[in-house]
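Here is a friendly walk through the model shown below. Keep the viewer open and follow along as the report moves from the overall build to single residues.

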Amino acid sequence: MSVREVAVEAYREALPALAASVVGGLFAGVVLGGMRAELREVQGLLVLVPALLATRGNVYGSLGARLASGLHQGLVEPSFVPDDDRVWAAIVASLANGILASLFASLVAFSVLRLLSDPVAPLPTLVAIAFIAGLLSGSALTVAVVLVVFAGYRRGNNPDTLVGPLVTTTGDVFGISFLLLAVRIVLGFGFGGG
């Protein structure tokens, strides 16, 4: 293949995913803009948002890269219901890492805001929100990454090209949507917003 053919192929695979990424990012921004009441109610939540969204990309991007490498090396079969223990171990590890990273982010946000003497919601409130959002968005992202990586590979696309935009888009959309849901659940159970 010539350099031109490789470039055309890369753009052909990447442009739809990048377009979806732009639309998904705008959707996440609209949801975040609609969270004004929740952001006022749970002080310090806005500080937590970038950390929660960034961890989605890091953790689940790594899962997608592991799956893509396994597919390229012939170590993993592109099955929508994996029967490989290594694949399940990677999925469970990613979900656990995503939840732990969310909990850690809530602890750091609380500590930094306290250190700066800024108003912040009680620690149990931030931890509960981070846990619920991490669990829900992590579950959705895991399913999305596995399905898209395997489907893309089966259709002849390079899964490495799909993983970045996919994780960015779905991480933002699921992350902010489930964060809003988590805030409403936690506040609905009577945890104080601070």
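## Ground rules and overall build

A residue is called buried under 20% relative accessible area, exposed over 50%, and partly exposed in between, using a 1.4 Å probe and protein chains only. On that scale, buried residues make up 42% of the 194 residues in the protein. The model is predicted, so local features need pLDDT of at least 70 and side-chain atom pairs count only at pLDDT 80 or more, while totals for chains, interfaces and linings use all residues. Residues are numbered from 1 along each chain as its sequence is written, and side-chain values use heavy atoms, with hydrogens and water left out.

The protein has six helices and zero strands, where helices (H or I, at least four residues) and strands (E, at least two) are DSSP runs numbered from the N terminus. Read from the N terminus on, the elements run α-α-α-α-α-α. Along the principal axes, the C-alpha atoms fill a box of roughly 60 × 35 × 30 Å. A contact means heavy atoms within 4.5 Å; among contacts with a separation of 6 or more, residues 24 or more positions apart account for 83%.

Helix α3 covers residues 45-73, which is 29 residues. From its first C-alpha to its last, α3 reaches 42 Å, close to the 42 Å expected at 1.5 Å a residue; the expected span is 1.5 Å times one less than the number of residues. After α3 comes G74, whose phi is positive, near 75 degrees.

Which residue other than glycine has a positive phi near 60 degrees? That is S117, which sits in the loop between α4 and α5. With 64% relative accessibility, S117 counts as exposed.

In soluble globular proteins, nonpolar side chains tend to be buried together. Here a nonpolar core is a set of buried Ala, Val, Leu, Ile, Met, Phe, Trp, Tyr and Cys residues joined through side-chain atoms within 4.5 Å. The largest one has 26 residues, and V42, L45, L48, L126, I129, I176 and L179 touch the most other members. Helices α1, α3, α4, α5 (123-154) and α6 (159-188) each supply at least two residues of this core. Apart from it lies another core of 17 residues, including Y60, V146, V163 and L166.

To see some of the packing, select L48: leaving out residues up to four places away in sequence, L48 touches A105, S106, A109 and L126. Next try S94, which is placed in helix α4 and is buried at 2% relative accessibility.

## Surface and a nonpolar patch

The accessible surface comes to about 9,900 Å², of which 68% belongs to carbon and sulfur atoms; these areas come from the Shrake-Rupley method with a 1.4 Å probe, and for residues only the protein chains shown count as cover. A nonpolar surface patch of about 520 Å² is made by F104, V108, V112, L115 and L116. Patches are made of residues with over 30% relative accessible area and no salt bridge, joining like charges within 9 Å and nonpolar side chains (Val, Leu, Ile, Met, Phe, Trp, Tyr) within 5 Å.

Helix α1 (residues 3-33) holds A10, which is partly exposed at 36% relative accessibility. A10 and T161 are 151 residues apart in sequence, yet 7.5 Å apart in space, C-alpha to C-alpha. L26 also lies in helix α1 and is exposed, at 58%. L26 and L67 are 41 residues apart in sequence and 28 Å apart in space, again C-alpha to C-alpha.

## The salt bridge

How many salt bridges are there? The count comes to one, where a salt bridge is a side-chain nitrogen of Lys or Arg within 4 Å of a carboxyl oxygen of Asp or Glu. The side chains of E38 and R184 form it, at 2.9 Å from N to O. Because E38 lies in helix α2 (residues 36-41) and R184 in helix α6, the pair ties together parts that are 146 residues apart in sequence. E38 is buried, with a relative accessible area of 9%, whereas R184 is partly exposed, with 49%.
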